[in-house]
Amino acid sequence: CPVVLAPKSSSITMPPPADIVKVAIEWPGAFPKLMEIDQKKPLSSIIKEVCDGWSLANHDQFALQHADSSNFYITEKNRNEIKNGAILRLTTSPAQNAQQLHERIQSSSMDAKLEALKDLANYSRDVTFAQEFINLDGISLLTQMVESGTERYQKLQKIMKPCFGDMLSFTLTAFVELMDHGIVSWDTFSVAFIKKIASYVNKFASDISILQRSLAILESMVLNSHDLYQKVAQEITIGQLIPHLQGTDQEIQTYTIAVINALFLKAPDDKRQEMANILAQKQLRSIILTHVIRAQRAINNEMAHQLYVLQVLTFNLLEDRMMTKMDPQDQAQRDIIFELRRIAFDAESEPNNSSGSMEKRKSMYTRDYKKLGFINHVNPAMDFTQTPPGMLALDNMLYFAKHHQDAYIRIVLENSSREDKHECPFGRSSIELTKMLCEILKVGELPSETCNDFHPMFFTHDRSFEEFFCICIQLLNKTWKEMRATSEDFNKARKRVMQVVKEQIMRALTTKPSSLDQFKSKLQNLSYTEILKIRQSERMNQEDFQSRPILELKEKIQPEILELIKQQRLNRLVEGTCFRKLNSRRRQDKFWYCRLSPNHKVLHYGDLEESPQGEVPHDSLQDKLPVADIKAVVTGKDCPHMKEKGALKQNKEVLELAFSILYDSSGQLNFIAPDKHEYCVWTDGLNALLGKDMLSDLTRNDLDTLLSMEIKLRLLDLENIQIPDAPPPIPKEPSNYDFVYDCN
């Protein structure tokens, strides 16, 4: 029989099972346990095993939670998120914890009640706990405390005002957190509760935390329930909200505008114009311009989003006129057209009483309407039956004629007197331009949930859309003349001219001019000739990178470029960066510094008292982290310090700059980059150290730029240029140096 030799067991290294996770588990007063968790076992049996190890009975009253700042419970749904080396904590079960807190917040002791509400605000961030607390009718208990419970302490407010304010703040924080999970419907709240929350907007205006949470609750009520919108609209007035915009706290300003936007968005169609009139009376636009847009501080992303929403909702008020056709039989509407003719041609002195001049007047009107550039010379009202832009185009024309009369008359007379067929018909052009401006500003569309593209110039004038039109119609007339377009084939000329005008407007808007005058100035520098130059330059900079030879060359060059980018990133990490320290409540003026060692093997870091002005010496960075110990780099919401969701909306600006290094034994280094560039540099560099791809926007931009440059260099036109294999010989010395000129 053949002999079969079994391989030695010592020669085979078996990988650890994928379902086994090594963790440490803490219990107060005991040493942590190191154990392996089998993810195939039920969680209840794992908890029983842990309890048995510490001789704890009633294991069904215990649960595991993360030992980090989040304190989130581990459940069957999220247990797969446990990582190797994680530190867990054995604690009371969510149901028992919820029951205890439910009893503690009803304590007669003010101190005990305050401590219980503080714990409740913290635990409510966890959906597992939130579900258990809500099952105990916890939301109703909190609303009752807000509605009537606070009255008990009215007499104590003067004596214990700080305690009372903290207690109310924690109550509202817990309420916001619990409702944020979407477990309970917003339709269940009483008018008394709404009245209380609305009253806090005025009563506790000086208490930032209470004011923030009250505004957040009002916004959520309006957005999530039609019935609550009506009740909130009755309780809170624009006059009550306006003063909060005049303060210096940008977060309060942001939530105030958010509430105004919510009321605006959910208002019935017939009420929106009425609300817009109230906002105009309260000078909302002017207040926002002065105290928000032109304040001496940067506008964060959340504020920019709310300003964008307000801008969109304001322009959406034009939708009704944009979609309204003109009624040719409506005398009031026809009078607007007559007013346009009167202003342009000064027809006030015409004899109106002569019955014999009726035919003459009709003939004269037809001639004037033709000069005004209408399609239908006999009845120009027919030009405004197309929607969009409907009556909005006529509104713009009348505004231009009345408020910029000289420019209006000049455009009309200049084009009506031309004989070379190059005139720009004012009527038809205005209709086309109004339609285009509505498309650019997306009039009638709901605001995006993520966009923050607001334009400061639209907050500088009460009639910003009309003023925008007035600037653009003069631009259109100028561009028409520069392109020498002809009115004989208006449709063909319109497409060419409108394409250029749209490009001019879009390029000017991209620069985010701070005022309408600045926008007008930008357009003056974007003449038709300049647009042609820009187009030519862009065409010259664009190569046909889709052809097969170019793609092959690009594929060959790309690894070299990526290696170059990698070295640049690592060099930046060696230089190091100063990072800001944050906590959950406010920014701290404390810093810490981190840098990579020159041999790329160790990260050195340490705390700093202040931001460094020069190079930080190595000996001042006492802490070290070997690169070999790094297990992963996580960003954004996956970061441990970002998982602890605040009482209000997550700060998107901070979230986009957050990243963390995870290493052995659940250790972590949490970063908030000073800006997006440093965020990209560090995440790229750390990924490069771990042998992973660099995926940041900065790397993509650098790669595109460097690839484009390298390909262009390699594709330089070398036709008829002989490149020798050997360098040319050195010429002989000249026979004399008389040609040398001594400058001295």
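Buried means under 20% relative accessible area, exposed means over 50%, and partly exposed is in between (1.4 Å probe, protein chains only). With that scale in hand, K41 counts as partly exposed at 38% relative accessibility. The model is predicted, so local features need pLDDT of at least 70 and side-chain atom pairs count only at pLDDT 80 or more, while totals for chains, interfaces and linings use all residues. Residues are numbered from 1 along each chain as its sequence is written, and side-chain values use heavy atoms, with hydrogens and water left out.

Here is a friendly tour by topic.

**The sheet β2-β1-β4-β3**

- Helices (H or I, at least four residues) and strands (E, at least two) are DSSP runs, numbered from the N terminus, and two strands pair if DSSP finds at least two bridges between them.
- An open sheet is built from 4 strands in the order β2-β1-β4-β3, and its pairing is mixed.
- At its edges stand β2 (33-38) and β3 (62-66), each with a single partner strand, so one side of each has no neighbour in the sheet.
- From one strand to the next, the twist averages 40°; axes are lines fitted to C-alpha atoms, for helices over the stretch in contact, and angles run from 0 to 180 degrees between N-to-C directions.
- Strand β1 (residues 20-26) pairs with strand β4 (residues 86-92) in the parallel sense over 4 bridges.
- The bridge partner of I25 in β4 is L88.

- Another open sheet has 3 strands in the order β9-β10-β11, with antiparallel pairing.
- Its edge strands, β9 (630-635) and β11 (667-672), each pair on one side only.
- Neighbouring strands here are turned by 15° against each other on average, direction ignored.
- Between β9 and strand β10 (residues 658-663), the antiparallel pairing runs over 5 bridges, and V634 stands opposite S660 in β10.
- Helix α28 (residues 676-689) packs on this sheet and touches β9 and β10, its direction making about 25° with that of β10; contact means heavy atoms within 4.5 Å.
- D684 lies in helix α28 and is buried, with a relative accessible area of 1%.
- The side chain of D684 makes a polar contact with the side chain of T699 (2.5 Å).
- A polar contact is a pair of N or O atoms within 3.5 Å; within protein, one must be able to donate a hydrogen and the other to accept it, and residues adjacent in sequence count only if both atoms are side-chain atoms.
- Leaving aside residues up to four places away in sequence, D684 touches R569, M694, L695, S696 and T699.

**Salt bridges**

- A salt bridge is a side-chain nitrogen of Lys or Arg within 4 Å of a carboxyl oxygen of Asp or Glu, and a search of the whole structure finds 23 salt bridges.
- R572 forms a salt bridge with E678, with the closest N and O atoms 2.4 Å apart.
- R572 lies in helix α25 (residues 548-575) and E678 in helix α28, so this pair ties together parts that are 106 residues apart in sequence.
- R572 is buried at a relative accessible area of 15%, and E678 is buried at 11%.
- K478 and E482 form a salt bridge with their closest N and O atoms 3.1 Å apart; both lie in helix α21 (residues 464-483), 4 residues apart, about one turn of the helix.
- K478 counts as partly exposed at 33% relative accessibility, as does E482 at 31%.
- K41 forms a salt bridge with E49, the closest N and O atoms being 4.0 Å apart, and E49 is partly exposed at 40% relative accessibility.
- A network of salt bridges links R341, R367 and D368.

**Cysteines**

- A disulfide is a pair of cysteine sulfur atoms within 2.5 Å, and by this rule the count comes to 0 disulfides.
- C578 is buried, with a relative accessible area of 18%, and C594 is buried at 0% relative accessibility.

**Backbone details**

- Most residues other than glycine have a negative phi, and most peptide bonds are trans.
- A cis peptide bond joins T387 and P388, with omega about -20°, and a cis peptide bond joins P388 and P389, with omega about 15°.
- P388 is found in the loop between α17 (358-371) and α18 (391-403).
- N58, which is not a glycine, has a positive phi of about 55° and lies in the loop between α1 (43-53) and β3.
- K512 has a positive phi near 50° and lies in the loop between α22 (490-510) and α23 (516-524).
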